[in-house]
Amino acid sequence: MTTRVAIVTGANKGIGSAIVESLCKQFDGDVILTGRSEERCKAAVAQLQEKGLSSKYYTLDIDDSSSITKLKDFVNDNYGGIDILVNNAGISNKVGTIGERATTTCGTNYFGTLNVCNTLFPLLNPHARVVNVSSMASQEAISKCSEEMRSKFKQSNITMDELTALIQQFIEAAQNDDHEKQGFFLKPYGMSKLGVTVMTFIQQRLLNSDPREDIIVNASCPGYVATDMTLHKGPKTIMQGADTPVYLALLPPGTSSPKGDFVSERTIENWG
């Protein structure tokens, strides 16, 4: 019998490591933590072993297409499919010009995540669960875009190509310091996570007509968590931050809701 498998990106520290820890306790199968540094991945696995938990690791840089393809081949060869995919890897770049920050932040958080999905989604098994870790910053971003721009992001039949073009437009506008004038929110992190949230809505719409049954993807807001990304200012612990992503990763077969939603504190938010 084939072993079931869960994959968590950006999982050697912070919320990602807590998601892995919770899945090790609750998921009946192998849990693979991924991260850019093999050294840090090994250390994360060792920390779990000290708690009596077993995880595997695989090095993954979501900014590198060949790295994503290697992970796909590894999973395909060893498991034949994916049961849980948690797209947690992301950055919050606070250094450089607005154009530089827009390029790097959207490059990883939007384009990197999209590339992981496009590469790994063909391996999703029936009843697979996908969690795209987004942020309340995406809610702030959509609410502070101009009305015209907001309506573009919120059109019910928006395609992935149209969304990608809008994110690319934001990057180019930010490079010219013209993004606010064009109706975008001013902060690259919020715009990148807006992209991840809308990406999720589109993915579920496409998966609804997929021949593989009962594949669910949701966007999750972990809340304001004390991590390196927040400079440890958030009031939540990483285990508290992992709660909603893990809840979504373990939704039982045949779940009708949440499905293609933006979820915070295990509750569907009326996004945008």
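User: Which side chain does Asp214 meet in a salt bridge?
Analyst: The partner of Asp214 is Arg129, at 3.1 Å, N to O. A salt bridge here is a side-chain nitrogen of Lys or Arg within 4 Å of a carboxyl oxygen of Asp or Glu. Asp214 sits in the loop between helix H8 (188-207) and strand E6 (216-221), and Arg129 in strand E5 (residues 124-133), 85 residues apart. Helices (H or I, at least four residues) and strands (E, at least two) are DSSP runs, numbered from the N terminus.

User: What kind of model is this, and what limits apply?
Analyst: This is a predicted model: local features need pLDDT of at least 70, side-chain atom pairs count only at pLDDT 80 or more, and totals for chains, interfaces and linings use all residues. Residues are numbered from 1 along each chain as its sequence is written, and side-chain values use heavy atoms, with hydrogens and water left out.

User: Is Arg129 buried or exposed?
Analyst: Arg129 is buried, with a relative accessible area of 2%. Buried means under 20%, exposed over 50%, partly exposed in between (1.4 Å probe, protein chains only). Asp214 is buried too, at 15%.

User: How many salt bridges turn up in the whole structure?
Analyst: The search finds seven. Glu21, Lys25 and Lys51 are linked in a network.

User: What are the N to O distances there?
Analyst: Glu21 to Lys25 is 3.2 Å, and Lys51 to Glu21 is 2.8 Å. Lys51 lies in the loop between helix H2 (38-50) and strand E3 (56-59) and Glu21 in helix H1, so that pair ties together parts 30 residues apart in sequence.
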